[in-house]
Amino acid sequence: MRQVGVIVWKDLLLELRTRERFAAMGSFAVLAGVLFNFSIDASLVRPQDVAAGLIWMTIVFDGLLGLGRTFHLEGEDGAFQGVLMSPAPKDAIFLGKAISNFVLLYAVALLVLGVFMLFFGLEIGSSPLALLLALGLGVLGFVALATLFAAVSSGTRMGETMLPILVFPLLVPMVIYGAGATGRLLAGRPVAEVAGNLRVLAAFALVALAAGAGLFRFVVED
Amino acid sequence: MVEARGLVREYGAVVAVDGVDLTLGEGEFLTVFGPNGAGKSSLLGMLGGALRPTRGTVAVRGRPLDFGDVAWRRSIGMVSHRGFLYPQLTAEENLRFYGRLFGLPDLDELIPERLARVGLADRARFAVHKLSHGMRQRLALARALLHDPELVLLDEPYTGLDPAAAAVLRQVLEELGDRRRTVVMVTHNLTEGLALATRVAIQIRGRLAWQSVAADVDRAGFEHRYHEVVEGWP
């Protein structure tokens, strides 16, 4: 666990120094909210009815924009090879990178939520904690998959272009249950109505994390 | 200390290392010379556990190389073409990161001492991308030696160094010899390569074509032998 913390510390420090990914992801979140706002004809469809799906698709596209560069800074001076040659277990390296990606994307997801609440006139609903939990669980599953596949795609000539093709098919459960929970919670429905969605999102996140931790070494070892 | 048997590394149809056998004792300093593309870096990568051999084995102190054995990695330090450093972090932060990854104690004392040893005490808070190439190379050396490894692998460490930086590197390598550390260095620099070596070898087309005790060859004799081996290799 100590080495997981070391990786998280280094990744967040790098992000703080460069602000490379957060700036791009934050800008994308705002721009997506603005564009979606103008693209919906409010006389035909109520923005509240489509907001949850758009929130999750924005998070997905935004996530791919930033998480695709997970290993970019690692490659500049071959630093990741130094990490791989250290005694840190590969699963600890994966978990460290997944956690730092989670911190980054969860912050962006909260920004996306805020942007959509502003432009779509949404209210937080009666269970804000459950809403934050649904976002957190969905983002956790997403970053676990995206971190693993970012490692795969970083070793290919196609690079970041490959990432959506690899990840999208696996995100279907997260989008269905995440958007389902988010829509109901924003509509003020009781938490009990989304308990099943939250359980599926938690299971999805756990399976994705376990699979990522187990498979990561096969991806990064030469 | 280090034993390699039948090491082979293939990249598709290209055989970079072709059946290398190597035994190095404690405190030995082996310098490997050879033309570009001879497979020297691949050999070093396999000795350091950065590359998985296609065939063959590597053992350090009788422990076979096992990619899952994290303790095994504590005994190895490597300086490559690249520094394995994060350009946006400071020199001190880079060493702290690696020190914590290796679980080293007392980093607050260790890091300033190691930076001073490579002449970078006054650059601790400089971001790596603001350091000169020579300084980055010295910092890479400090990173590789931070955990006091038993086996040190150096891939062209003198490339691009000015005379002052080369002198610092030479001094650090001399100290390694004094402390009975085993060193394998790959270089084109004859002067530096022969200066500290206890053994020398010439690698060509993946094979160690010639080896000798360093004391048995002088520079002129080695140069003659090098051309003979490289030009005469089928």
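# Notebook: a two-chain predicted model

**Entry 1: chain A overall.** Reading along the sequence, I get the pattern α-α-α-α-α-α-α-α-α-α for chain A. The C-alpha trace of chain A spans about 60 × 35 × 30 Å along its principal axes. I also noted that 49% of the 222 residues of chain A count as buried.

**Entry 2: where chain A meets chain B.** How many residues does each chain bring to the contact? I find 22 residues from chain A and 26 residues from chain B. On the chain A side, the elements giving two or more residues are helix H1 (2–18) and helix H5 (79–84). H1(A) has the largest share of that side, with 7 residues. Sorted by class, the chain A side holds 10 nonpolar, 6 polar and 6 charged residues.

**Entry 3: the sheet of chain B.** Next I turned to chain B and traced an open sheet of 6 strands. Its order is S6-S7-S8-S3-S9-S10, and the pairing is mixed. Which strands sit at the edges? They are strand S6 (76–79) and S10 of chain B, each of which pairs on one side only. From one strand to the next, the twist averages 15°.

Helix H1 (residues 40–47) of chain B packs on this sheet. I see H1 of chain B touching strand S3 (29–33), strand S7 (151–155), S8 and S9, and its direction makes about 155° with that of S8(B). I then checked helix H8 (residues 219–232) of chain B, which lies across S3, S9 and S10 of chain B and runs at about 25° to S9(B).

**Entry 4: the S9–S10 hairpin.** I zoomed in on one end of the strand order. Strand S9 (residues 199–204) and strand S10 (residues 207–213) of chain B pair in the antiparallel sense over 6 bridges. One bridge I looked up joins B:Gln203 to B:Leu208 in S10(B). S9(B) and S10(B) form a hairpin with 2 residues between them, and B:Arg205 in the turn has a positive phi of about 45°.

**Entry 5: B:Val184 in strand S8.** B:Val184 lies in strand S8 (residues 182–186) of chain B. Is B:Val184 buried or exposed? B:Val184 is buried, because 25 other C-beta atoms lie within 10 Å, and 20 or more is the cut-off for buried. Setting aside neighbours within four places in sequence, I list its contacts as B:Leu30, B:Val32, B:Leu44, B:Leu47 and B:Leu153. With B:Leu47 the sequence separation is 137 residues, while the C-alpha to C-alpha distance is 9.1 Å.

**Entry 6: a helix pair in chain B.** Helix H5 (residues 133–145) and helix H6 (residues 163–178) of chain B pack at an angle of about 10°, with their axes 10 Å apart. That angle makes H5(B) roughly parallel to H6(B), since angles under 35 degrees count as such. Which residues make the contact? From H5(B) I noted B:Gly134, B:Gln137, B:Arg138 and B:Leu141, and from H6(B) B:Ala165, B:Val168, B:Leu169 and B:Val172. By class, this contact has 5 nonpolar, 2 polar and 1 charged residues.

**Entry 7: positive phi in loops.** A point to keep in mind is that most residues other than glycine have a negative phi. I looked up two exceptions in chain B loops. B:Phe84 has a phi near 60°, a positive value in a residue other than glycine. B:Phe84 is found in the loop between S6 and helix H3 (91–101) of chain B, and it is buried, with 23 other C-beta atoms within 10 Å. B:Glu156 is not a glycine either, yet its phi is positive at about 50°. I place B:Glu156 in the loop between S7 and H6 of chain B. B:Glu156 is partly exposed, with 18 other C-beta atoms within 10 Å.

Definitions and conventions
Residues are numbered from 1 along each chain as its sequence is written. Chains are lettered from A and ligands numbered from 1 in the order in which they are written. This is a predicted model: local features need pLDDT of at least 70, side-chain atom pairs count only at pLDDT 80 or more; totals for chains, interfaces and linings use all residues. Helices (H or I, at least four residues) and strands (E, at least two) are DSSP runs, numbered from the N terminus. A residue is buried if 20 or more other C-beta atoms lie within 10 Å of its own, exposed if 12 or fewer, and partly exposed in between; C-beta atoms are placed from the backbone. Two residues are in contact if their C-beta atoms, placed from the backbone, lie within 7 Å. Ala, Val, Leu, Ile, Met, Phe, Trp, Tyr, Cys and Pro count as nonpolar, Asp, Glu, Lys and Arg as charged, and the others, Gly among them, as polar. Two strands pair if DSSP finds at least two bridges between them. Axes are lines fitted to C-alpha atoms, for helices over the stretch in contact, and angles run from 0 to 180 degrees between N-to-C directions. Angles under 35 degrees count as roughly parallel, over 145 as roughly antiparallel, 65 to 115 as roughly perpendicular and the rest as oblique.
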